[in-house]
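Hello,

Here is the structure I promised to pass on. Please open it beside this email. My notes follow below.

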Amino acid sequence: MAKSATARAGANIALVKYWGKRDSRLNLPAAGSLSITLAGLETVTTVAASPDLKADELILDGSSQDAGPISKVLDLLAGPQRRRCRVDSSNNFPTGSGLASSASGYAALVFAAAQVFDCNPDRRWLSIIARQGSGSAARSLFGGFCEMRAGQRSDGSDCYAEALFEAEHWPLEVVVAVTDRARKDVSSRDGMNRTMATSPYYQAWVDTVAGDLDLARTAIARRDFEALAAVAESSALKMHASALAASPGLLYWKPATIACLHAVRELRSAGIPVFFTIDAGPQVKAICLPEASARVTEALSAIPGVVELLQTPLGAGARLV
Ligand code: PMV
């Protein structure tokens, strides 16, 4: 008999970035990271296990895709003898363009599959499984503010995500300026591998992350917006600096990306509480206090090349529906 479950998970955006691994096979990050989970950018995934299926099937946003990567994660969760699954997943935001669809996707997948296979539903353990699909996915199991621990053990058992604060602790808002809807040319995985292998700035980048995590944790605990703005912008720019210096250099930004960065800086100089971050893609995420979101949206929508704006508060962790 088929057994199924549906889960939803929000995308997350790192304020202290993850970029580079200490172990590629187990997908262990070289350093920790810290993120916020978004309520409005979500993946909803149904996992249906059936004795009638010969192989896993993946339907993503209505079209059939290679199920290889998700099969690996399902094997880690329930063992290779498990029943095969049909996984139907949809995002309410553009896929593969620097909006962390793999994060919400793998988090929703492991959460639904844990229910289907009656596995341990402990989020820390699920984060260890999700991490092996996509490093940032571990963080989407949790809501609000989340920290990913790099750990030190070679088996990765101390490399997991954990909750720092729920969304209610500090109700920030995020305005995403989409500057290009196309799938990015170089995935995060390939981009970080290239940076590790060729960038003269890679080690310098890794060396700064622990200090940035301390600053960000303290800023969040104190709700100190200026301090969080400083460390988050610095982390994003350092990550991109290391990637720009790779060979060939990774240039994820479009002209409108840079125009958005200047606009956010100008707003903050004028006293509007907003800062930016950018992942491995051309979109700019502007993080602000709720009272500033209308001003931020207005300013970013006036920039030529901004094709869409998404606005969202922080949200909860992965959950069943
Ligand atoms: O785990 P991945 O492959 O989605 O890599 C995430 C990399 C960044 O989004 C650029 C940074 C981060 O910490 O989310």
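Start with α6. The cover over its buried residues includes β1 (3-16), α4 (188-198), α5 (202-221), α7 (255-269), β11 (274-277) and β12 (284-288). Here contact means heavy atoms within 4.5 Å. Helices (H or I, at least four residues) and strands (E, at least two) are DSSP runs, numbered from the N terminus.

This is a predicted model: local features need pLDDT of at least 70, side-chain atom pairs count only at pLDDT 80 or more, and totals for chains, interfaces and linings use all residues. Residues are numbered from 1 along each chain as its sequence is written, and side-chain values use heavy atoms, without hydrogens or water.

Which residues of α6 are buried? Among them are F225, L228, V231, M239 and H240. Buried means under 20% relative accessible area (1.4 Å probe, protein chains only).

The length of α6 fits too. Its 20 residues (225-244) should span 28 Å at 1.5 Å a residue, and its end C-alpha atoms are 28 Å apart, so the two agree. The expected span is 1.5 Å times one less than the number of residues.

Now the ligand. Of the 14 residues around the ligand, Y18, S134, G135, S136 and R139 come nearest. "Around" means a heavy atom within 4 Å. A backbone N or O atom of Y18 is 2.9 Å from a ligand oxygen. For R139, a polar side-chain atom sits 2.7 Å from an oxygen of the ligand.

Best wishes

Technical notes. A polar contact is a pair of N or O atoms within 3.5 Å; within protein, one must be able to donate a hydrogen and the other to accept it, and residues adjacent in sequence count only if both atoms are side-chain atoms. Buried means under 20% relative accessible area, exposed over 50%, partly exposed in between (1.4 Å probe, protein chains only).
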